[in-house]
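Here are my notes for a first look through this one. Please keep the structure open beside them as you read.

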Amino acid sequence: MAVPARTCGASPPGPAPTALPWPGRGPRPGPGARRPPSGPPRPLLLLLPPLLLLPLLAAPGASAYSFPQQHTMQHWARRLEQEIDGVMRIFGGVQQLREIYKDNRNLFEVQENEPQKLVEKVAGDIESLLDRKVQALKRLADAAENFQKAHHWQDNIKEEDILYYDAKADAELDDPESEDVERGSKVNTLRLDFVEDSNFKNKVNYSYTAVQIPTDIYKGSTVILNELNWTEALENVFIENRRQDPTLLWQVFGSATGVTRYYPATPWRAPKKIDLYDVRRRPWYIQGASSPKDMVIIVDVSGSVSGLTLKLMKTSVCEMLDTLSDDDYVNVASFNEKAQPVSCFTHLVQANVRNKKVFKEAVQGMVAKGTTGYKAGFEYAFDQLQNSNITRANCNKMIMMFTDGGEDRVQDVFEKYNWPNRTVRVFTFSVGQHNYDVTPLQWMACANKGYYFEIPSIGAIRINTQEYLDVLGRPMVLAGKEAKQVQWTNVYEDALGLGLVVTGTLPVFNLTQDGPGEKKNQLILGVMGIDVALNDIKRLTPNYTLGANGYVFAIDLNGYVLLHPNLKPQTTNFREPVTLDFLDAELEDENKEEIRRSMIDGNKGHKQIRTLVKSLDERYVDEVVRNYTWVPIRSTNYSLGLVLPPYSTFYLQANLSDQILQVKYFEFLLPSSFESEGHVFIAPREYCKDLNASDNNTEFLKNFIELMEKVTPDSKQCNNFLLHNLILDTGITQQLVERAWRDQDLNTYSLLAVFAATDGGITRVFPNKAAEDWTENPEPFNASFYRRSLDNHGYVFKPPHQDALLRPLELENDTVGILVSTAVELSLGGRTLRPAVVGVKLDLEAWAEKFKVLASNRTHQDQPQKCGPNSHCEMDCEVNNEDLLCVLIDDGGFLVLSNQNHQWDQVGRFFSEVDANLMLALYNNSFYTRKESYDYQAACAPQPPGNLGAAPRGVFVPTIADFLNLAWWTSAAAWSLFQQLLYGLIYHSWFQADPAEAEGSPEARESSCVMKQTQYYFGSVNASYNAIIDCGNCSRLFHAQRLTNTNLLFVVAEKPLCSQCEAGRLLQKETHSDGPEQCELVQRPRYRRGPHICFDYNATEDTSDCGRGASFPPSLGVLVSLQLLLLLGLPPRPQPQVHAHASRRV
């Protein structure tokens, strides 16, 4: 008879069934009944012994189904296991492929990966590559110092006297609003022809250098023209370097004046709006120009600091933070009568990207009030620098004070903390336009080996917040050859389009003397740099011999990765270096922390660990065994590691010396063979130098075939290892078609396709028509099913990927398939390896029906058994699908099969989106474990524009009362406002954004952000489990059991009767995040080491050059003149902020 429909809280017709005691609650209600509520429903799980959950048989005469018994469900599970295993044995072809490999044993050799030898060889190759760049750097630095020393300073030098290629000239000529067009520049810029060079990913000219000058520096100033004059001689050295080493990429000299001269010449990649590039703010320049820094920034927020001045200070602090690298440590505090940190950081913290972001956001919240108390600010700063219980740079120590002025010199503080040794430098910044006496500020800087700067307006911020590096460079210059050491940077994005690079840097010193017998000059001239593309380093590492899950990685002294397969930043423009920690590139654990520490310390080592790895599609986590081997890369700050799974200790190397056999196997790559032999996808690898790449595999295969008709697999221009293995695997997979697939009827077992993928790069899909729906990556090493199958024993199910935000699968229009794959393990002469993965593609609809039958009480392929009017039956997944939910869920928590037809279009979704209540129960019962991590390389939609960026955009707006007040017109505020207006005319894009252009730019489309990732994987429970989801009237019984030799969980549960029992929903999809709490992370910083060298002191340093105050009080006459200039549209020519650096003149 038909099963009566159940309603929430209702009892079925007929006598109530007899029930075994339900612990603590009296008799257990029957399957159709629910207890009356006693208080609000509570989602509570009660784990019960199996005996107490035995299904309840109906009393005589009752017509009711009971929840299936545990042994019944175990029987269903065994039927499912047998069906899956049977299909895979017949169609998977594992045994047949093993036999094929053994039959062709004469066509390949088994080679061994010896981790220690491999990693030492790669480290040596990288060392040799970088050493060639080091030699070129030294030649450049020596030449630059000699050229500058021989140069005669010219006071009357003119723009028309200098001929050079201005890298921004073409863009500026096309822009009628550019500053040089407005000024009528007389610069004689060269007009060059360029040729495309794939190594540079750019058009270049090898006969000339190019010059880039920051927009806010006047090209016609005497300092710049002299700089251009003497650096011209570097051109020949650049060219000679390239002759000696044709692999050299960009060779760059970054001058302390802001001029960049680079080779070979190429037009500058200027943005659509104003170009704010300044070489002195690039990561490589900052690292090469000074030793690491411990910096405390203190900001005066007394009541006199308000309006525009406070805005200038906030922007200045943000600009100052941008001059710090990951080798530096910093804290920021505000002070009036008392000093306090602006953020949650109570001590010096590493100046990494995320910490600097916290500071920049906190600085915007500063409010001016109270009175000025320099003593409080400086005492706080000195206390910070004297704290030895924290990790810090332990090199240059400095205090940067921003204020609008004051009378107190706080000499007693300096006597107490800093004199007589003066180990802490003090830099003072007078911000805004005011009439205060600046002598005390200058005295503080001069008395403490620092420098005094003035920031009267926005235009002075960028220059004056970076020139302190000249002062820090003094000890380096005075140290001479001892300080001439090449340093290698973190990874960062090249400004000229090379992509990710590292740069070798070498400081260039001023070797001139002010006069006969005088002390030598102590200014740094700049930094010489040579780029090395990460791709060039990757080419030195073995790739296809390590297998799909083996890889090489490298880290620096900060623990940041230089090489790693997971180093994949999504954003295209980086103002900051790419700082992905090794423990963020992988899933962190204690073993990896030990490995990271050992590598940073420069040790060798080897360790086998059990760890977690994410799948390539980041939906799954697998527990695996990995062997880590590491060695230092000599003469650098890098350390190299090799990771190998045990099954990748050995690999196959084809030996196809028989050319007739080569031709025979090659024919199976021809599309004409696909109809009978199945479709072949080949991995898009670099088989030969002349092979044209393509994202379309059909086109790539066509290009490959055309090339092979011209060359042989043994050609010198080809990678013989890759080609021989590809052709061998073509023949081996064709033999699999003959032995296992061709004579089978796939429809009998509801299969859409069978397939095999190999280490050699072949993916063969049979029959040919199934290739139309094949969406897996043609590169097996980049296919999630391939890599997971190698790491997991048994059969790995992979449902189609579905996002909760996308529409469900359209079953009516498309045939949806479920991949089932397994690795082929070979044992040859005691050596075990896994060279291939085979599998089938199940027809979702057909297997969903089959799933119902296998999880039913049918004994034959006849009609399902129905419960008679006087019989008592257990529910099953076929007959009782209105009351019983039966599902297969994979190890990531994604739905694979269901007995509910309406859930078929939800296959592939995280099960919590299908049944949140049941998924939570499985998680709480330890069937699943959750792993949370953060992706620091994600790209997100842009945030609304604000005033936190590097380019200052906030403009002080006076009130009507200000305009009516005559005194205001002669005040500092009016003067500063007019300066801003002048800058606005010249650099109008600092103050406004063009929406049309912004939308079209990559920076506007996306920006770097942090995403939180959550994956689930099987917990420790392997046994069969019965449990209750206790929720008052809405309680549910469920049974869960792992299917042997698969990654599936079989779950049978009562369908939910009520929606009133709300349970928490587990989330799996990636979500935007601020990352882990930075304030907590800095309390337990990760292990790191700073650079091995530090130059922060030299007894011969001349500290008399410490900045001069320049009082320029506004007057009514000046303001009137400015008004006239504004009206006439003739902005005055800004002069560079040179301060007291007359010593650059030689």
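1. Start with the pair Cys344 and Cys1079: they form a disulfide, with sulfur atoms 1.6 Å apart (a disulfide here is a pair of cysteine sulfur atoms within 2.5 Å). The S-S torsion of Cys344 and Cys1079 is about -80 degrees, so this disulfide is left-handed. It links distant parts of the chain, 735 residues apart: Cys344 sits in the loop between strands E15 (339-341) and E16 (349-350), and Cys1079 in helix H32 (residues 1078-1081). Helices (H or I, at least four residues) and strands (E, at least two) are DSSP runs, numbered from the N terminus. Cys344 counts as partly exposed because its relative accessibility is 32%; buried means under 20% relative accessible area, exposed over 50%, and partly exposed in between (1.4 Å probe, protein chains only).

2. Before going on, a word on the source. This is a predicted model, where local features need pLDDT of at least 70, side-chain atom pairs count only at pLDDT 80 or more, and totals for chains, interfaces and linings use all residues. Residues are numbered from 1 along each chain as its sequence is written, and side-chain values use heavy atoms, with hydrogens and water left out.

3. How confident is the predictor? The mean pLDDT (the predictor's confidence in each residue, from 0 to 100) is 84, and 80% of the residues reach 70 or more. Do watch residues 1-63, where pLDDT stays under 50, and residues 1110-1146, where pLDDT also stays under 50. Where pLDDT is low, the predicted coordinates should not be read in detail.

4. Back to the cysteines: the disulfide count comes to six. Another of them joins Cys395 and Cys1094, with sulfur atoms 1.8 Å apart; its torsion is about 100 degrees, so it is right-handed. Cys395 is buried at 2% relative accessibility, while Cys1094 is partly exposed at 33%.

5. Cys688 and Cys718 form a disulfide too, their sulfur atoms 2.0 Å apart. Cys688 lies in the loop between E30 (679-682) and H22 (697-708), and Cys718 in the loop between H22 and H23 (720-741), so the pair ties together parts 30 residues apart in sequence. Cys688 is buried at 3%, and Cys718 is buried at 8%.

6. Salt bridges (a side-chain nitrogen of Lys or Arg within 4 Å of a carboxyl oxygen of Asp or Glu) number 41. One of them pairs Asp85 with Arg89, the closest N and O atoms being 2.7 Å apart. Both lie in helix H1 (residues 70-92), four residues apart, about one turn of the helix. Asp166 and Lys219 also meet in a salt bridge, at 2.6 Å, and both residues are buried. There is a network as well, linking Asp581, Asp584, Glu588, Arg596 and Arg1086.

7. Which residues have the most contacts inside the largest nonpolar core? They are Leu922 and Phe1050, in a core of 98 residues. A nonpolar core is a set of buried Ala, Val, Leu, Ile, Met, Phe, Trp, Tyr and Cys residues joined through side-chain atoms within 4.5 Å. H1 gives the most to this core, with eight residues. Domain 1 (84-112 + 657-804 + 812-855) and domain 5 (884-939 + 1008-1072) both contribute, so the core lies between them; the domain bounds come from an automatic or database domain assignment.

Conventions. Contact means heavy atoms within 4.5 Å.
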